[in-house]
Amino acid sequence: MTEVASKEFKTKTLEYLESRGIPHSIIGEMDSFMKDIEFSKEQVQYFADQVYLSYLKAMIVPMEPIGTVAAQSIGEPGTQMTLRTFHFAGVSEFSVTQGLPRLIEIVDARRNPSTPIMYVFLTEEYSKNQKKAREIHQKIEQIRVDSIAYDVEIDLADYSIVVYLDEELLEDKGLEIEDINKKLKKYGKKGTIETDLENNCIIINPELEDIQKLQKRREKILKTLISGIKGVKRGIIYKEDSNEWVIQTEGTNLAEVLKIKGVDSTRTISNHIHEIEKIFGIEAAREIIIRESKQVLRDQGLDVDQRHLLAMADLMCFTGRILQIGRHGISGVKESILARAAFEVTIKQLINASVSGEEEKLKGIPENVIIGQLVPTIGTGAIKLQADLQKYREILQDMSED
Amino acid sequence: MVKEKPKVDILLHEITPKHKILTKEETEELLKKYSIKLLNLPRIFSDDPVVEMIGARYGDVIKIIRKSDTTVKEVESYRFVMKGKRVR
């Protein structure tokens, strides 16, 4: 007799599956599939069993060479990626490194990404109100001398540096000349600093005699921070789908921005992997590597199973600090000489290895492939045949009894 | 001047998974279960921000509980706390 499956029955079956390890996403798909259609209990049970079986069959067996498979699975779509950087990313006017260049940055664990971006989320009070969001934006956007001065001259007559300030820009940013004077005070320490209100300029005489030193000082003055947070270049505020205002900035300084009142320090993040590692630790860095690489592939329309990226991220973070995949990281610290030589800088590796009397243990994949031997640690090479002595005894016994 | 909050708690951020220090017994069980030695475990430095926050020290083993999309809701991983500094 076919009984119609009730909602509770469906839910219970799915819950049981989930407890056995079926991923949440698959459970979700099953749920939406069964939702409004009538199924019998048998059908639901069969469905669940088949999903479970398929999942078990798809699981990786021990000794599977996942490294090689991951490398190929990420590398092959890589050849389909563009080398250009697009000049948009969602909302903004700023460019974000995407595609192959960004993936290379991630995999090489570059200390300074070419387009560092920060996503500043705000606390409830500030995120619902555009004006308040703008307040925070103004607080963090850095204003340096070079953005409010229309000229910074070196006066060779009296060896001084004159900073000509733009009145309009000052007003726009809500600054007064005296504020600028205060910020530049340190440059007037060994000499003099004075404000000329009539001409809207500040004259600094640092008592330097060398023109080159004076020019260097001028450079430093141009870069002096007046307000905002160092490193946070431009920013825009926009409304997220969740109906909140978010600030996105070119340039990042999480350490400082997280401290600001109004900034949600549980969600504010950047795309700068090393910065995240420095502030939040290696596990967070691993998570960012995964998110960023997923994003790159997704943006390019490539469908790479995330498990390959998980394997890559796990490997990069294994030692506790982020290592690149290349020769200054993972590939460079391999035990096998032949593997390192096959990767890059061949002759140097071989010479250094012979000079220091290194021994090739032939444990890994590249070296065994080179010499044409079955790889002893991976896949089929890790399996050895063993005679079943018990069975032999039984056979011999049977034979002697005949 | 920007207003400051008391020191930011990095453990509350959505990007850091839960880190938990294992007891001696739990560590033994773990090593036995996978037939490994302490040095086979992935590592974490003693000056890692989270290690410092939870007060773990060299020699401890930390259990890390991450959210997962590929299998059950949460996955466990382990790291052995190493001496030394991250920043070279």
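Predicted model: local features only at pLDDT ≥ 70, side-chain atom pairs only at ≥ 80, totals over all residues.

Student: Where is E141(A) found?

Tutor: In the loop between α7 (130–140) and β2 (143–144) of chain A. Helices (H or I, at least four residues) and strands (E, at least two) are DSSP runs, numbered from the N terminus.

Student: And what is E141(A) in contact with, leaving aside neighbours within four places in sequence?

Tutor: S227(A), G228(A), I229(A), V232(A), K233(A), R234(A) and G235(A). Contact means heavy atoms within 4.5 Å.

Student: New topic: how many residues of chain A and chain B are in contact?

Tutor: 40 residues of chain A and 34 of chain B. The two chains bury about 3,300 Å² between them, 53% of it on carbon and sulfur atoms. That is accessible area (1.4 Å probe) lost on putting the two parts together, summed over both.

Student: How many salt bridges between chain A and chain B?

Tutor: Four, a salt bridge being a side-chain nitrogen of Lys or Arg within 4 Å of a carboxyl oxygen of Asp or Glu. R66(B) and E283(A) meet in one, at 2.9 Å, N to O.

Student: Which element gives the most to the side of chain A that touches chain B?

Tutor: α14(A), with eight residues. By class, that side of chain A has 14 nonpolar, 10 polar and 16 charged residues. Ala, Val, Leu, Ile, Met, Phe, Trp, Tyr, Cys and Pro count as nonpolar, Asp, Glu, Lys and Arg as charged, and the others, Gly among them, as polar.

Student: How much space lies in the largest cavity?

Tutor: About 60 Å³. A cavity is a set of points on a 1 Å grid over the protein atoms alone where a 1.4 Å probe fits but cannot get out, and lining residues have an atom within 4 Å of a point. Points are joined across faces, edges and corners, and the volume is the space filled by probe spheres set on them.

Student: Which element has the largest share of the lining?

Tutor: α5(A), with three residues.

Note on methods. Residues numbered from 1 in each chain as written. Chains lettered and ligands numbered in written order. Heavy atoms only, no water. 1 Å grid on protein atoms, 1.4 Å probe; cavity = no way out; pocket = protein on both sides within 12 Å on 5 of 7 lines; lining within 4 Å.
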